[in-house]
Amino acid sequence: MAVEGNTRPLEQEIVTDFSSRMSYDAYLHLDTLLSAQRPVSRPEHHDELLFIIQHQTTELWLKLVLHETRAARAALDNDDIGVALKCVARVKHIQKTLTEQWSVLATLTPTEYTEFREFLGNSSGFQSHQYRAVEFILGNKNAGMLRVFESDPAAHDELETLLHEPSLYDAFWRYLSRAGLDVPHSTLARDVSQAYVLDPNLLPLVKEIYETPNKYWSVYEALEELVDLEENFQLWRFRHMRTVLRTIGMKTGTGGSSGVGFLQSALDLTFFPELFAVRTEIGR
């Protein structure tokens, strides 16, 4: 159909009557979604809407990250490495979107943020239970974090469940053990409620996989997918820290943390330590 007079006429087949049909708005519950941005500053500050949408969209993406990571773990439990890696690949793309989002929030200048920051009280991204859930399912477990969510039973219960469940990394090594690889007992029998730390007994197997990739090609490829996953997460942490530094400098966080210093310390955390330690060992 030709465009005339700089307008595009509706095609006759396009549905316009939604009195008895489900519409786009209804399917997505846009009435709820688009009314969930409720600035608290008085008078309402122009830039608070940006701040709210940035964090709400982050939470939506984190919901999908959890959905996909749980599915990846379940696939490993069912010995389906293909489905697991498909889920991980999707998470990697989500991570890139999450990281790039910081560039939008970085347009908020220190002066602009100061004009509504006091209205936020003690609310802080530190209190995101979904972010903690992602950390937990990837292996950065910390039982002390549960105290933050004692006033939110649903969030507390979700985190407590994840605390005592195997991480994605645990599920991966258990899968490889069932597949016949010589995964050490110390890896398989570790206390999964604790943060994963480097297991020296596992490093020789990881080194063998990396030094003979043709023998272990699918495993070798999977390990590199996990490396990508961690690198993407660290890039997100770094952009978070730099955006906070750019916006509030070295002030304390609204949730009571040291702010930039606390965020910077997270850069020393790791999900899959053997996959990075092996780099030092290869070629020795």
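I begin with a definition: on a 1 Å grid over the protein atoms alone, a cavity is a set of points where a 1.4 Å probe fits but cannot get out, and a pocket is an open set with protein on both sides within 12 Å along at least five of seven lines; lining residues have an atom within 4 Å of a point. Please note that this is a predicted model, in which local features need pLDDT of at least 70 and side-chain atom pairs count only at pLDDT 80 or more, while totals for chains, interfaces and linings use all residues. Residues are numbered from 1 along each chain as its sequence is written, and side-chain values use heavy atoms, with hydrogens and water left out.

Let us start with the cavities. The structure holds two cavities of 30 Å³ or more; a volume here is the space filled by probe spheres set on the grid points, which are joined across faces, edges and corners.

Which residues line the second largest cavity? They are L76, I81, A84, L85, V88, L168, F172, A222 and L226. Helix 4, helix 8 and helix 11 each give two or more residues to this lining, helices being DSSP runs of H or I with at least four residues, numbered from the N terminus. Helix 4 provides the largest share, with four residues. The volume of this second largest cavity is about 60 Å³. By class, its lining has nine nonpolar, no polar and no charged residues. In this scheme Ala, Val, Leu, Ile, Met, Phe, Trp, Tyr, Cys and Pro count as nonpolar, Asp, Glu, Lys and Arg as charged, and the others, Gly among them, as polar.

The largest cavity has about 100 Å³ of space. Around this cavity are L62, V65, V91, Q95, L98, Y131, V134, L138, N232, F233 and W236. Two or more lining residues come from each of helix 3, helix 4, helix 6 (129-138) and helix 11 (217-248). Its lining divides into nine nonpolar, two polar and no charged residues.

I turn now to an open space. The second largest pocket contains about 430 Å³ of space. Its lining includes T32, L33 and L34, as well as W61, K63 and L64. Helix 2 (30-33) and helix 3 each supply at least two of the lining residues, and helix 3 gives the largest share, seven residues. Seven nonpolar, four polar and one charged residues make up this lining.

On the surface, M22, Y24, Y27 and L28 form a nonpolar patch with about 510 Å² of accessible area together. Patches are made of residues with over 30% relative accessible area and no salt bridge, with nonpolar side chains (Val, Leu, Ile, Met, Phe, Trp, Tyr) joined within 5 Å and like charges within 9 Å. The areas come from the Shrake-Rupley method with a 1.4 Å probe, and for residues only the protein chains shown count as cover. Y27 belongs to helix 1 (residues 24-28). Why does Y27 count as exposed? Y27 does so because its relative accessibility is 57%, where exposed means over 50%, buried under 20% and partly exposed in between.

Finally, the charged pairs. Side chains of opposite charge can pair when their charged atoms come close. The structure holds 12 salt bridges, each being a side-chain nitrogen of Lys or Arg within 4 Å of a carboxyl oxygen of Asp or Glu.

One of them joins R90 and E68, at 3.0 Å from N to O. This pair links distant parts of the chain, with R90 in helix 4 (residues 81-105) and E68 in helix 3 (residues 48-77), 22 residues apart. R90 is partly exposed at 40% relative accessibility, whereas E68 is buried at 6%.

D79 and R178 form another, their closest N and O atoms being 2.8 Å apart. D79 lies in the loop between helix 3 and helix 4 and R178 in helix 8 (residues 168-178), so the pair ties together parts that are 99 residues apart in sequence. D79 is partly exposed at 41%, and R178 is partly exposed at 44%.

The salt bridge between K207 and E211, at 3.0 Å, lies within helix 10 (residues 203-211), where the two are four residues apart, about one turn of the helix. K207 is partly exposed at 23%. E211 is partly exposed at 41%.

Note on methods: Buried means under 20% relative accessible area, exposed over 50%, partly exposed in between (1.4 Å probe, protein chains only).
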